[in-house]
Amino acid sequence: MSDKKIIDAKKYSELSKIELSDQEMNILNEQFPDILEYFDLLSQVDTSENIDDERISNIFREDTIDDSIADSILDVVPEKKDRFVKGPRMM
Amino acid sequence: MSQLSSQFEEIKEKNQTINAYITFSDLSDNTSNGKLSGKTIAIKDTISTAGLRTTCASKMLENYIPPFDAHVVSLLKNQGATILGKANCDEFAMGSSTEHSAFGVTRNPHDLERVPGGSSGGSAAAVAGNLADLALGSDTGGSIRCPASFCGIVGLKPTYGLVSRYGLIAYGNSLEQIGPMAKNVHDCALLLECISDYDNRDATCVNTKKIKYTEHLDDDISNMKIAVPKEFFGTGTDPKVEETVRNTIDKLASEGAIVEEINIESIKYSLAAYYIIAMSEASSNLARFDGLRYGLHTGKSKDWNELFSNNRKSGFGFEVKRRIMLGTFALSSGYFDEYYIKAQKVRSIITNDFKKIFDKFDAIVGPTMPTLPFKLGEKLTNPLSMYMSDIDTVSANLAGIPSISVPCGYSDNLPIGIQIMSSHFEEKTLLNLGSKIEQIRGFDVE
Amino acid sequence: MLSNDFDGVKIGLEIHCQLTALNTKMFCNCSSDYRGKPPNTLLCTVCTGLPGALPVLNKRALEAAIKIGLALNCKISNNSNFFRKNYFYPDSPKNYQITQYDKAGGEAIANNGTVETNLGSVRITRIQMEEDPGKLQYEGSITTSSNTLIDYNRAGISLVEIVTEPDIVSPKHAREFLNTIQSIVETIGECDSKLDGSMRADANVSISDGRRVEIKNISSFKEVERALNFEITRQKTIQAASKMETRHWDDVRRVTVTLRVKEDEEGYRYFPDPDLPPMNISENYIDEFRQSLPELPDKRLKRFTKEIKLSEEIARILIRNKIVADYFEETLTHEYNPKLLSGWIATDIMGYLNRNNVEFSDLPIESKALASLAKSVSDSKINDSTAKAILLKSLSSGTTIGDLLKSELDNLVSFDDLPKIIDTVISDNPKALEDAKNDSQAIHFLIGQVMKVTKGRANHSKVKELIETKLK
Ligand SMILES: [Zn+2]
């Protein structure tokens, strides 16, 4: 457990679409090994036995139409064109 | 109304120092008559309120006004409550001190240099500082109980599925519940009665028999079986906290409760399991904040990829970014089995261990927080030490069981809370024991 | 392309099939009738991913998926659940898609099926439920447009994704398989494949030792065959695909192009969706659906060939489209002449419709009218070739079969007048009558003379029948 793991914050900032400043990147790269070392505490637990979770199941709704609230949803959209949500270019 | 208006002005004045509220309501007259008529309430800013700005204490939602009410908010309105405003918290409920807010820290009314706890710190400070009669918080890993303990009030995290999450902006959605916060157990029970209502818009909400919690506060506790896990008094526990909590447990024993010290080995893994699961879920739950449909929109970008990255860079604070990064890591291929899956398996073990305890005992008791309220900024630069504050609270969230924090004493003029847990949907037991503690602890909360 | 050009070709398909019979979207109560609606008019908190909104599964979506699973001979899962597929894209309101998964404790609603086609059977790996994303529009093309316009009306529409094993051996086989699937979901009534975009396919192709190439964005089944032909030729030309890749079918230029806009498969970070409780589906519940399934195309094929005694070729053409097979069976209720009616429908009518690009559902001839035409033949009022001429004329002119048949019959020499005309012809050709008594072929001369006298307006078989009585 002594080998500290390295997480490359840059990789996960790309996957999670959050740009990080160099300073943020440095802080995270410094903190992550300690946090992971703590998380690795779980490797001590024997989880070979399968435990069935008792969860509720089969919660469905009926196939009936409610009135659309589209106008109030569009009210909070920052950039619109006509009734379209306006996004940036794709490529 | 005029009395309420002048009271409202006083609250706004007090808020200048406490900073319990992010947004005040327009104090619209609630004409509904119900159990909460005449009561004022602060609502944590992670809970959606139609027409009233809901920010999650984040720059991302600085100007977001939801077009709908959370189910609990509709219920409060029907019961005649007067909503005063939206309470400050850690951004997206990620924190244990309410220092991670884009709208400034909330101060503890007992000591303005100390944190109120978190993440529902604004809710707790509002009640403790007389800025509201009642408050709603949300609790993913202790976010109701921690600030309740630090601010010397009562806070209850309900059983997962008792209260609808519809309208609660998700952080760790398999863990969290909205819950009541109040000065005393009676008001807490009353508020729980009002918000525990089946809602078919939340598929995880359970349709259970309605219970009048306020009618069970004085039930006899003699012969009630109470377990005290050694793990809740671990090495990081402040001796002053331990002493006060143990004294209270002794008093419960002298009231006829049967107290037994036990071991729950798996508790020591709960914090790591909790953080892996909560962060993983958060990384997905917070993906929707890209600035297209609502929220912060930074303007021109060369393509969608850059726009999303810019919006999210500018909208999220550093703690939120840290947790999204770690959660993204824990779910990514190559690490998924080692972290996410492992944490879920450990969660099952913990849940199972608690279940076994509740076959024999009615309640589990220990401290809510391992320490007294800490100084502002004290843990801000060391995230792991901040995470450690949740060591005694997270297991209830993992197991989905209800848990309450009730003030049980003071040290250095700072409040100490005792935590009680019970089996699924046994909130009645928590409130019953909590009420007894109020009677035997030897002081009143003003 | 010669058939042996497809040696070593392995094709797998992923078919996205919208559950068009549902009133509402998969996880909210918004109307699913989005086609032709103004943009962003069918929205709620759930399908636009507003903070705090939660999904609840439409019960009908589960039922439809179970029915499709049974129809494709799958094992229905007793313990199925939903996962999140995490990827950022502007058409995805939550930046994750609610779908199903086959690893990490995930289980799709249906698994391990098979579908028979006349070019070989295809194994179904699994059928999973998932939500459709919104629709992106560009001012110009995807590469040049300075803006993207997003319409979320389609976001949250219920889909099933049918995943096959790589059992398909040629583009033609792919087409045949897709037609079979289409016919099955139509028969069950859960997907109206005529609706634009209701059925879409992704394909993966590999040749011998070449690596797998995926082709995305094939918007219609006709395009699948075309895209596969292109891709196989492309791979053969460059020997073998040098790498795993995902390519995008450009149906305007009819080429596949490299695609790299979304995450890599390993970046999807699948995990169980905590908002949606699992589905525990009992065998009793599944049996109810099994028993209520309508007759499926392969069963119908057997009935058509065994009981109605159609040729396999004709029967396959009919069952490929439920509407066609239903129409055929309806004509039989009016006039039981399967051979004649099936031939007309499978060759004359479908040939005409195909040439003119008309859907069978728009056929202007009612089943009863077609049956009456067959009855006229059975009753020997007109002969086969006249009937076929009437059918084709009705199709091309729009005149009803009833009107055409009436004027044809009006025009014919009445049966009452025929004996007199035949007597005259025989008395004018006494030798021919004697010849015909000895040589059965010689009767045709006499028939020909009758037709000549009547200018072709006599019923051929009636004339033959009447002359034959004279020969005895
Ligand atoms: Zn909707």
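Analyst: A salt bridge here is a side-chain nitrogen of Lys or Arg within 4 Å of a carboxyl oxygen of Asp or Glu. By that rule, two salt bridges cross the interface of chain A and chain B in this predicted model. In a salt bridge, the side chain of A:Glu19 meets that of B:Lys313, with 3.5 Å from N to O. Polar contacts between chain A and chain B, counted with both residues at pLDDT 80 or more, come to twelve residue pairs.

On the side of chain A that touches chain B, the elements giving two or more residues are α1 (9-15), α2 (22-39) and β3 (84-87). The largest share of that side, ten residues, is from α2(A). Sorted by class, the side has 25 nonpolar, twelve charged and eight polar residues.

In extent, 45 residues of chain A are in contact with 58 residues of chain B. About 4,700 Å² is buried between the two chains, and carbon and sulfur atoms give 71% of this area. The chain A residues that lose the most area to chain B are A:Lys17, A:Tyr38 and A:Leu42, together 15% of what that side buries.

A:Phe39 touches several residues of chain B, namely B:Ala272, B:Tyr275, B:Ile276, B:Met279 and B:Tyr339. A:Phe39 is also listed, with B:Phe92, B:Phe354 and B:Leu431, among the residues with the most contacts inside the largest nonpolar core, which has 153 residues. Helix α7 of chain B (residues 270-285) supplies the largest share of this core, ten residues.

Terms used
Residues are numbered from 1 along each chain as its sequence is written. Chains are lettered from A and ligands numbered from 1 in the order in which they are written. This is a predicted model: local features need pLDDT of at least 70, side-chain atom pairs count only at pLDDT 80 or more; totals for chains, interfaces and linings use all residues. Side-chain values use heavy atoms; hydrogens and water are left out. A nonpolar core is a set of buried Ala, Val, Leu, Ile, Met, Phe, Trp, Tyr and Cys residues joined through side-chain atoms within 4.5 Å. Buried means under 20% relative accessible area, exposed over 50%, partly exposed in between (1.4 Å probe, protein chains only). Helices (H or I, at least four residues) and strands (E, at least two) are DSSP runs, numbered from the N terminus. Contact means heavy atoms within 4.5 Å. Buried area is the accessible area (1.4 Å probe) that two parts lose on being put together, summed over both. A polar contact is a pair of N or O atoms within 3.5 Å; within protein, one must be able to donate a hydrogen and the other to accept it, and residues adjacent in sequence count only if both atoms are side-chain atoms. Ala, Val, Leu, Ile, Met, Phe, Trp, Tyr, Cys and Pro count as nonpolar, Asp, Glu, Lys and Arg as charged, and the others, Gly among them, as polar. Lists of a residue's contacts leave out its neighbours within four places in sequence.
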